[in-house]
Amino acid sequence: MLEQTLAISNELLLVALAIVVACLGLLPGRKPDGRLEVTVATSGLLLLLVFNAINGFPAISAFGGAYKAGPVAQVFKCLFLLSGALTALLSWPANTPRPALPGKLIGEHLSLLLLSITGMCFLVSAQELVLLYVSLELVTIPLILLVAFNRHELRSAEAGMKYVLFSALSSGLLLYGLSIVYGLAGTTDLTAIAPHLHFSLPAIMALTLIMAGVGFKISAVPFHLWAPDTYEGAPTPVAAFLSVASKAAGFALFYKLVSALFGHLADTTVLLLGLLATVTMTAGNLMAIHQTNMKRFLAYSSIAQAGYLLIGLSNDGELGLAAVSFYLLVYVVSNLAAFGVVTFIAAATGKEDMRDYVGFSVNNPALAAVMMLAMFSLAGIPPLAGFLGKFYLFAAAAQKGYYWLVLVGTVNATISLYYYLVVLKHMYLKKPENGQTPIGRMNISWAGTIALAISCAAMLVVGILPHFLRWTESAAAIGW
Amino acid sequence: MGLLTTIVLTPLLAAVAILFIPPQRTLLIKRVALAATGITLLLSIGLVLDYLGKIGLDSGALPAGRALALEYREQVPWLSNLGIEYFMAADGISLLMVLLTAVVIFCGVCASWYQEYRAKEFFVFLLLLVTGVFGVFVANDLFLFFLFYELAVLPMYLLIGIWGTGPREYSAMKLTLMLMGGSALIVVGILVLYFEAGVHSFSFSAIAQAKIPASTQLWLFPVMFFGFGTLGGLWPFHTWSPDGHASAPTAVSMLHAGVLMKLGGYGCLKTIYLMPEGAKVWGTFFMVLTTINIFYGALIAIQKTDLKYITAYSSVSHCGLVLFGLATLNATAFQGAVVQMYAHGLMTALFFALVGMIYGRTHTRFITEMGGLLKVIPFLGVAYLIGGFSGLGLPGLAGFIAEIQVFVGAFSLESWGHRIMTILAAASVVTSAVYLLRALTKMLYGPLVNEEHSHITDATFVERVPLVILLFLLAFSGMFPGWMIRMAEYSLAPVINQLHSVPAL
C-alpha cells in the first residue's frame, strides 16, 4: 500500500498544495491579498519541478498497471509544473487599476489551477481508459471554473459558458469513441487494445470520434471555435494556462489514444492527421492575420501552433515523440512570455488591442524586447528555441517521408511570420499619430519579472544548449 | 576557441556589450562597434593571407589525397541524435566572402557614424545581423548553416522598419516575407537531403559523398535553387530587393546588397555541389532565367531616376551575373561568379555608401534634381565615378575580372542556345554603361541645378575612410586578381569533381 502511495506522490503533493493554498486565506489576522498564496503555490510547483527534473527517469507502475510513471510522462509533468509555476507568478496581485483577478480570490484561483495540474499529471500516467477519462475530467472542470472566474463580468461568464458547452460536447464524443474501442477490444488496458483494432468501419469511426474529441482539447480546426472567445473572456493568466498546459495535456491524450491505439493503421491515421494539421495551420494562420485584440490574436496563433505539433505526430516513432515534447517545452515558455506581457499591459492600462501598443518600445524597452523574443520564437526564427523546435518537428515528418507535410508546415511558418511581425510593427516601427499617446513607463512586480526572466532565458538557451533536446530524446527513446 | 568562431562571435559579444551601455552615450557605442568590426577585419585579412600561404599562388588543382579545400576546422557534436554538429571550416570561397563581409561591415559602421536616432538599438541589430552573415560563410553543417542564414532575418526587419526611409514598413515586410518564403523551400531541401542521404550527418561533404538518388535531385534541385535564388535576386523572385534596398538605411543597404545577396549565390553553389545531377538537368533552365535577370535589371535601372533604385536594380542585374555564371556549370564561369560576388559586394557597398552621403547633403535622391555636383563635392563625385566604371566592367577594376571570366566560361559551352544567351548577357554591359554614365553625367557635370547645393560640404574624415578602403580594394583586386582567382580555383575543385563524377545528360 505504501509503495502504491509513494508511486503517486507527485500527484498527492499537488493535491496537498492545493488544499494548503486554499486554506491560507483562513489564517487569522491576515488580509488575504494573494501574495502569500502566489508565493506558496509557486515555490511548491518549482520544488516539484526540480524534484521531477533531477529525479532521473523512473519506471514506476502501480494500481495493477493502471498508473505508470515513465520517462515521457515525467517530461510532460515537468511541462505542466512549469506552466503552472509561471501562470501562478503571472497571477501575482497587481496593484493597478485593472487587475486580472480580484486579490482576495487568488487563493481559490491557485488551488483550482493546482487541481487541474493534478489531473494533467494523472492523465499522462494513465494506462487505462477509465482512469484516463476521469483524469481528463479533473483537468477540465477546474478549468471551466477558472475561465468564468470573474463571473460578474459579462465576457468572462460568456467565456465560461462557451467553454463548458464545448468541453461537454468533446467529452461526449471522446467517450463515444472510447466505448466503441472497448466494444472492439473487450479491455480498458491501453497496452492491450491495439492488437484488437483492425481496419474496419467501427474502428475508423472510433478513430474519427476520438480525434474529434481530442481535437477540441488541442483546439484543432474545425474544433477550435471555442478558443478565441474563451481566451478573450477568461482572466489573462487563465487564458495563458489554457493555451499551454491544457494544450500539452491534449497532445499527451492524442498520443495515448491515437498514436498508441491506431498507430499500426498508419495510412489512415496519417491521412487524417495530415489533413487536420494542414487545415489547422492554414486556418489558424489566416484568421490570426486580421486580429487586433491581443488575446484573440494569441488564440489563433495557438491554433496554428497546434497544427505544427500535429505535423510531429505524423511520426509515431521516437523522433516524433521527442519532437512533440520538445516543441511543447518551447511553446510553453514562448507563449507564456507573450501572454505575460499582454497581462501586464492589460492590468496597467486596460488595453488589449495591439493598435494601442504603438510606440511601446520607446517607454518600455525591456518588455518590448520580451515580446519580440516571444514573437520570433513562436515564428521559429533563430537563435530562439522555436527555430530548433520547428526544425525538429519537420524532421520528424521528413523521417517518415511526408515531405509534402513539411512543405505545408514551412509555408505556413512563413505566413505566421507576417502576423507576428505585425505585433512588432506596432511596438517598434509605427510612430504615434496625432492624438494618440503611447503607453507610459510601466512597473512590473517582482513576480512578473521572475516569470518573464525564466521564459526569456529558456527561449534563449533551449535552442542552443543541447541538454534540453537530449532530455526529451532520451525520454522518448524509453517511452511512456 | 578557433579563429572562425572568434570572427563569428566578436560582433555578437560587441552587441551584448552595447546592450549594457546607456543609450545616450552614442559615441562609446559607435566606438565599440567600430572596434569589434575592426578586429574581425584584421582577423579575416590574416586568415586570407594565411590560406594563400597554405595553398600557394601557383595554379593547380587539389593535392593528391585531398577531397576538400577546407581549413581551420572546428568540429564538435552538438545537438540531438540526428548528428547535428558545430562544424566550422573555411575554404577559399568562404574566406573571400568573410573578407568581403568584414570590409563591408567596417565601412558600414563608418558610414553610420552620424546615426543618432536610437543609435544603441541600431548598432545592436547591425552587429547581430553581421554575426549571422559571418556564420553562414563558415558553417559546414547544413543545420548550422541554415541557423545562421535565418539569424539574418531577425534584425533585418527591424533595421529597415525602424531606421528606413520612404515606405519602410511595407518594404521591410515584403523583404522579410519573400526571403522567408525562400527559406521555407530550403528547410524542405535540407531535410530531404538529410534523410535521402542517410549518413546521419548534416555536413556538406558527407551528404555530397552519399550521392542523393537522381530522381530526388531532379525535383529537389529547383526547389533549393529557387530557395537560395530568392535571396540571390533571381528573377522573378527579385522584387523584394529594389524596395528593400531603397528603403533601408545606408549601412543596411550596403550590407544587404553587398553581402547578403551573396548568401544566395553561395547557397546556390552549395546546391550544385550537393546535387550535381539535378544541376545538369536544370542548368539551362536557370541560365534562361538569369539571362532575363541580367537584362531586365539593367533595363529597369535605365528607367529609374532615384539613385537608390538605380543601384538596387543594377544589383539585381549584377547578382544575376553571379547566378548566370553558376548556372553554366563551367569551371571558368564558376571562378567568375565567385569573383563577381566579391567585386559586386565592394562596388555596391561603395554605391550605397555614396548615395547615403549624397542624400544626407542634397536631401534628394533623384538625379533629375541634381547636377554639377562635382564642383562642390569633388571627393564624393570622383568616388562615384570610379565605382561606376567598375560597374560597367572597365579593365583595371574588380568588376572586369569577374565579367570576363563569366562570359568566357559561358561562351565555351558548345550549344548555340547557350552562346546566344551569353551574347545577350554580355550585351548588358552596354545597358549598364547607359544607366551608369547617364546618372553620372546628370549628377556630377553641367551647371549646378539647385542653388542650395552650392553650400554643401565634401566628405568628412570619417566618411572618407570607408570610401578609400572600398576604392582601394576595387582597384587592387582589379589589378592584382591572381590571389582571388587562385582561392576560387582551388576551392571550386570539389564542386567541379562532383560535376565530373556524374554522367552527362
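**Figure 1. Confidence of the predicted complex.** The predictor assigns the complex an ipTM of 0.88 and a pTM of 0.91. For chain B, pLDDT averages 87. In that chain, 98% of the residues reach at least 70.

**Figure 2. The contact between chain A and chain B.** Each chain contributes to this contact: 26 residues come from chain A and 26 residues from chain B. On the side of chain A, the elements giving two or more residues are helix 17 (385-399), helix 18 (403-429) and helix 20 (467-478). Helix 18 of chain A gives the most, with 13 residues. By class, this side of chain A holds 21 nonpolar, 3 polar and 2 charged residues.

Figure 3. A:Gly409 sits in helix 18 of chain A. It has 28 other C-beta atoms within 10 Å, so A:Gly409 is buried; the threshold for that class is 20 or more. Leaving out residues up to four places away in sequence, A:Gly409 touches A:Met281, A:Tyr308, A:Ile311 and A:Phe394. A:Thr278 is 131 residues away from A:Gly409 along the chain, yet their C-alpha atoms are separated by 7.7 Å.

**Figure 4. Helix 4 against helix 6 in chain B.** Helix 4 (residues 119-138) and helix 6 (residues 153-163) of chain B pack at about 145°, and their axes lie 9 Å apart. The crossing of helix 4 past helix 6 in chain B is left-handed. Helix 4 of chain B brings B:Phe122, B:Phe125, B:Leu126, B:Leu128 and B:Leu129 to the contact. Helix 6 of chain B brings B:Pro155, B:Met156, B:Leu158, B:Leu159 and B:Trp163. The contact residues comprise 10 nonpolar, no polar and no charged. Helix 6 of chain B is mostly covered, with 11 of its 11 residues buried. Among them are B:Val153, B:Tyr157, B:Ile160 and B:Gly161.

Figure 5. Helix 17 of chain B covers residues 398-411, a run of 14 residues. At 1.5 Å a residue, helix 17 of chain B should span 20 Å; the end C-alpha atoms are 21 Å apart, which agrees. Of its 14 residues, 11 are buried. The buried residues include B:Phe400, B:Ile401, B:Glu403, B:Gln405 and B:Phe407. The buried residues of this helix pack against helix 13 (307-327), helix 14 (331-362), helix 16 (378-391), helix 18 (416-444) and helix 19 (461-479) of chain B.

**Figure 6. Cis peptide bonds in loops of chain A and chain B.** In chain A, a cis peptide bond joins A:Pro382 and A:Pro383, with omega about 5°. A:Pro383 belongs to the loop between helix 16 (365-379) and helix 17 of chain A. In chain B, the bond from B:Trp235 to B:Pro236 is cis, with omega near 0°. B:Pro236 lies in the loop between helix 9 (214-231) and helix 10 (240-247) of chain B.

Figure 7. B:His200 is not a glycine, but its phi is positive, about 60°. The loop between helix 7 (168-197) and helix 8 (204-209) of chain B holds B:His200. B:His200 has 11 C-beta neighbours inside 10 Å and therefore counts as exposed. B:Lys211, also a residue other than glycine, has a positive phi near 60°. B:Lys211 lies in the loop between helix 8 and helix 9 of chain B. With 16 other C-beta atoms within 10 Å, B:Lys211 is partly exposed.

Notes
Residues are numbered from 1 along each chain as its sequence is written. Chains are lettered from A and ligands numbered from 1 in the order in which they are written. This is a predicted model: local features need pLDDT of at least 70, side-chain atom pairs count only at pLDDT 80 or more; totals for chains, interfaces and linings use all residues. Axes are lines fitted to C-alpha atoms, for helices over the stretch in contact, and angles run from 0 to 180 degrees between N-to-C directions. Helices (H or I, at least four residues) and strands (E, at least two) are DSSP runs, numbered from the N terminus. A crossing is left-handed if the near helix is turned anticlockwise from the far one by less than a right angle, and right-handed if clockwise. Two residues are in contact if their C-beta atoms, placed from the backbone, lie within 7 Å. Ala, Val, Leu, Ile, Met, Phe, Trp, Tyr, Cys and Pro count as nonpolar, Asp, Glu, Lys and Arg as charged, and the others, Gly among them, as polar. pLDDT is the predictor's confidence in each residue, from 0 to 100. The expected span of a helix is 1.5 Å times one less than its number of residues. A residue is buried if 20 or more other C-beta atoms lie within 10 Å of its own, exposed if 12 or fewer, and partly exposed in between; C-beta atoms are placed from the backbone.
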